[in-house]
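Here is a short tour for anyone meeting this structure for the first time. Keep the sequence and the 3D view at hand as you read.

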Amino acid sequence: RGDVPEPSPEFEEEDHGIPNGGHQPDEDIYAPEIEPIHEEDYGVPNGGDQEVEDVYAPVEEEDHGIPHGGPQPGEEIEDVPPKPTGGKKVVIQTGRFSRTFWNTQHEFQDPTKKGTEREVMFVANFREEFSEVPRMEVGLYGLDFAFSDAGVRLEVDAVTESGFRVRAVAPVNALIYFVAVDFVAYIEDEGYESDSFGYSDFDQEQRNTWTSGNNERFALKTLPTPGDFTSPGAISFISSIQFNSRGNVRFQTTVQGVEQSGTEIKVGTWADTGVVDFRVSVLWFDKTDVTNAFYVSTDKTGPMNSGKDERHDAKIQENIPARHAQFFAALSYIDFINGHNYRLSQKHTHGKDWLKTDYKTWADTLVWRVRDSVMYTPIYAHEN
């Protein structure tokens, strides 16, 4: 079933993030081949020669999550004139928004507020207005979590033709210092569809295994494959996640295959990790010469796996039609070593036929491995 990004055939030994040894599975078929690193400059999204700092931020960064408290915005999303499209039809838009709570006195990072759920609302406008209300999904893209009871819940709260509102929730006992979110919004029946499922969709026995079990604990979930795709492909990614304090934070979701009869997704954890909640989203697309997906991940033994202070791990995906592309990227594999806060940010630059992902961590964080699921597609319909 070759309708998913190509994984590597196998991991090296001791690849599941158990810092003091312990049982390792014989193999892991879920991570991609590591791409070679090239230090290059990349072109702007619509061509040109200059470097682009971030191709994931086409929206205005108006998250309205007021750091010192105060009222949240009302029910109406601000309506601003759309940018001209030159007659081109806008069917899908991607983008990213983020928020730092560290040293802001916000309740997300306040230890005295740990006993309750806390929430903040992100409000933003699309780069260009849609002709009708789109569907929208969000994925986790960057984080800075305290290592005890780490997690975040992300929910699309409202969408209009011109903008959206997304809720981020800090679960009980979680402390959040930074969160970054990638979004995808699309017109239905135009070559894209999405769905999601979560922890509560599995039986109690499976949930207990994830919360308190050991070793590999994976499960399969089959979702109906939406119709009207000529050559369907799909990616899965993390939209919400919460752990307890048992061990490293480890979670993985992978699309195992896409058939007309259904799409099979594998989710779970391993070693001594305790997962107490998650939501995984799936994005389907029609595979073409200019629309497809791939994985990109850090090295297990790279600079983010040891040391202190700011460290980077940069990867290049080559031979993709990136000149007129937009990208949706969200985490689908996380493994951080316990005892330190979990910190990760990303920056993307791209040119005509490649995308560079620059992962970064800082302070005393130790990253065993993280991986993105990435979909690329033209900014406008039928553009190549």
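## Salt bridges

Arg-135 and Glu-188 join their side chains in a salt bridge, at 3.8 Å from N to O; the term stands for a side-chain nitrogen of Lys or Arg within 4 Å of a carboxyl oxygen of Asp or Glu. Arg-135 sits in strand β3 (residues 135–145) and Glu-188 in the loop between β6 and β7 (192–198), so this pair links distant parts of the chain, 53 residues apart. Arg-135 counts as partly exposed because its relative accessibility is 34%, and Glu-188 does so at 40%. Here buried means under 20% relative accessible area, exposed over 50%, and partly exposed in between, with a 1.4 Å probe and protein chains only.

The structure holds 15 salt bridges. In another of them, Glu-137 meets Arg-279 at 3.0 Å, N to O. Glu-137 belongs to strand β3 and Arg-279 to strand β12 (residues 275–286), so parts that are 142 residues apart in sequence are tied together. Both Glu-137 and Arg-279 are buried. There is also a network of salt bridges, which links Glu-117, Glu-119, Arg-153, Glu-155, Asp-157, Arg-165 and Arg-167.

## About the model

This is a predicted model, in which local features need pLDDT of at least 70 and side-chain atom pairs count only at pLDDT 80 or more, while totals for chains, interfaces and linings use all residues. Residues are numbered from 1 along each chain as its sequence is written, and side-chain values use heavy atoms, leaving out hydrogens and water.

## A six-stranded sheet

Six strands form an open sheet with antiparallel pairing, in the order β8-β11-β10-β15-β18-β13. Strands are DSSP runs of E, at least two residues long, and are numbered from the N terminus; two of them pair if DSSP finds at least two bridges between them. The edges belong to β8 (217–223) and β13 (292–297), each with a single partner strand, so one side of each has no neighbour in the sheet.

Strand β13 runs antiparallel to β18 (residues 367–378), and six bridges join the two. For Asn-292, the bridge partner in β18 is Tyr-376.

## Nonpolar cores

Which residues have the most contacts inside the largest nonpolar core? They are Phe-197, Phe-251, Val-267, Phe-278 and Phe-336, in a core of 73 residues. Such a core is a set of buried Ala, Val, Leu, Ile, Met, Phe, Trp, Tyr and Cys residues joined through side-chain atoms within 4.5 Å. Strand β6 (residues 176–186) gives the most to this core, namely seven residues.

Another core lies apart from it, with 13 residues, including Leu-283, Phe-285, Ala-293 and Ala-330.

Notes. Helix = DSSP H or I, 4+ residues; strand = E, 2+ residues; numbered from the N terminus.
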